[in-house]
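Please look over the sequence and the structure shown below before reading on. The briefing that follows goes through a few topics in turn.

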Amino acid sequence: MDLHIADASSLAQIDHQIEEIQMSPAEYEIVRQVIYHTADFEYSSIIKFNNDALTKGTAAIAARSTIIVDVAAIQVTILPQLQKTFCNPVYCCTTTAVRPQKRKTQAAWGLETLAKTHPEAIYVIGQDQTALGTLAELTERKAMQPALVIFTAPVFIEQDMKQWLIDSSLPSIYIHSSKGNAIVASAIVNSLINLTWQAYEHQ
């Protein structure tokens, strides 16, 4: 990957500041990219990988599994990288046509709608914390079995749902904190795509 000198210098500075971190090289690269995109070094200690998330996530991307995201900001950020690599289809919960509802948010209803046709997709919830409740409900009912869950939405009221994800058997990448946003989710997904491409492009 070709880097501008400013990018290379920034990554070198990140490497210098988090050189003591203990994780696998692939996990490190994801954390490094999140810090690069947020300038927030706290992410070096609060990004968590659960249940063989990287192995299962890269396999799903290489198999061109569908990716479901909660907000359009993530969709437009990851599409260019996908178009240069695996061309996975990407659908967005908040732009999916659903009947107007008051009981759930647009993201939650969109996720429920998309899960009917993509029960084994990669699910990325980067902004709307309420979508995780729908994912948990459908998973508990065995209506879906995500290949990977990436959850980086800022959490204010859905702490029990986040704990459900942590305790579940689902492969997941999540933020062990109340902080997070769609930028973090996009950085994680793009890093995962790049790692997968490096691993699979010569096979």
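At what angle do α6 and α7 pack, and how far apart are their axes? In this predicted model, the two helices pack at an angle of about 30°, and their axes lie 8 Å apart.

**Helix α6 and its partner α7**

- Helix α6 covers residues 106–117, which makes 12 residues, and from its first C-alpha to its last it reaches 18 Å, close to the 16 Å expected at 1.5 Å a residue.
- The buried residues of this helix are Ala107, Ala108, Trp109, Gly110, Leu111, Glu112, Leu114 and Ala115, and they pack against the strands β2 (67–69), β3 (90–92) and β4 (122–125) as well as against helix α7 (131–140).
- Where α6 and α7 cross, the crossing is right-handed, and the contact is made on the α6 side by Ala107, Ala108, Leu111, Glu112 and Ala115, and on the α7 side by Ala131, Thr134, Leu135 and Leu138.
- Sorted by kind, the residues of this contact between α6 and α7 comprise seven nonpolar, one polar and one charged.

- Six strands form an open sheet in the order β1-β6-β5-β4-β2-β3, and their pairing is mixed.
- The edges are taken by β1 (47–50) and β3, and because each of these has a single partner strand, one side of each is left without a neighbour in the sheet.
- On average, neighbouring strands of this sheet are turned by 15° against each other, with direction ignored.
- Strands β2 and β4 run parallel and are joined by three bridges; within this pair, Ile67 has Ile122 in β4 as its bridge partner.
- Helix α5, residues 72–83, packs on the sheet and touches β2, β3 and β4, with its direction making about 170° with that of β3.
- Helix α6 also lies across β2, β3 and β4, and runs at about 175° to β4.

**Helix α4**

- Helix α4, residues 53–62, is mostly covered, since seven of its 10 residues are buried, namely Ala53, Leu54, Gly57, Thr58, Ala60, Ile61 and Ala62.
- These buried residues pack against the helices α2 (25–38) and α9 (182–200), and also against the strands β1, β4, β5 (148–151) and β6 (172–175).
- After α4 comes Arg64, whose phi is positive, near 60°.

- Leaving out residues up to four places away in sequence, Gln145 touches Pro119, Glu120, Thr139 and Leu170; from Leu170 it is 25 residues apart in sequence and 8.0 Å apart in space, C-alpha to C-alpha.
- Is Ile150 buried or exposed? Ile150, which lies in strand β5, is buried, because its relative accessible area is 1% and buried means under 20%.
- Apart from neighbours within four places in sequence, Ile150 is in contact with Tyr123, Val124, Ile125, Ile173, Ile188 and Val189.
- Ile150 and Ile175 are 25 residues apart in sequence, while in space they are 9.0 Å apart, C-alpha to C-alpha.

Terms used. Residues are numbered from 1 along each chain as its sequence is written. This is a predicted model: local features need pLDDT of at least 70, side-chain atom pairs count only at pLDDT 80 or more; totals for chains, interfaces and linings use all residues. Side-chain values use heavy atoms; hydrogens and water are left out. Helices (H or I, at least four residues) and strands (E, at least two) are DSSP runs, numbered from the N terminus. The expected span of a helix is 1.5 Å times one less than its number of residues. Buried means under 20% relative accessible area, exposed over 50%, partly exposed in between (1.4 Å probe, protein chains only). Contact means heavy atoms within 4.5 Å. Two strands pair if DSSP finds at least two bridges between them. Axes are lines fitted to C-alpha atoms, for helices over the stretch in contact, and angles run from 0 to 180 degrees between N-to-C directions. A crossing is left-handed if the near helix is turned anticlockwise from the far one by less than a right angle, and right-handed if clockwise. Ala, Val, Leu, Ile, Met, Phe, Trp, Tyr, Cys and Pro count as nonpolar, Asp, Glu, Lys and Arg as charged, and the others, Gly among them, as polar.
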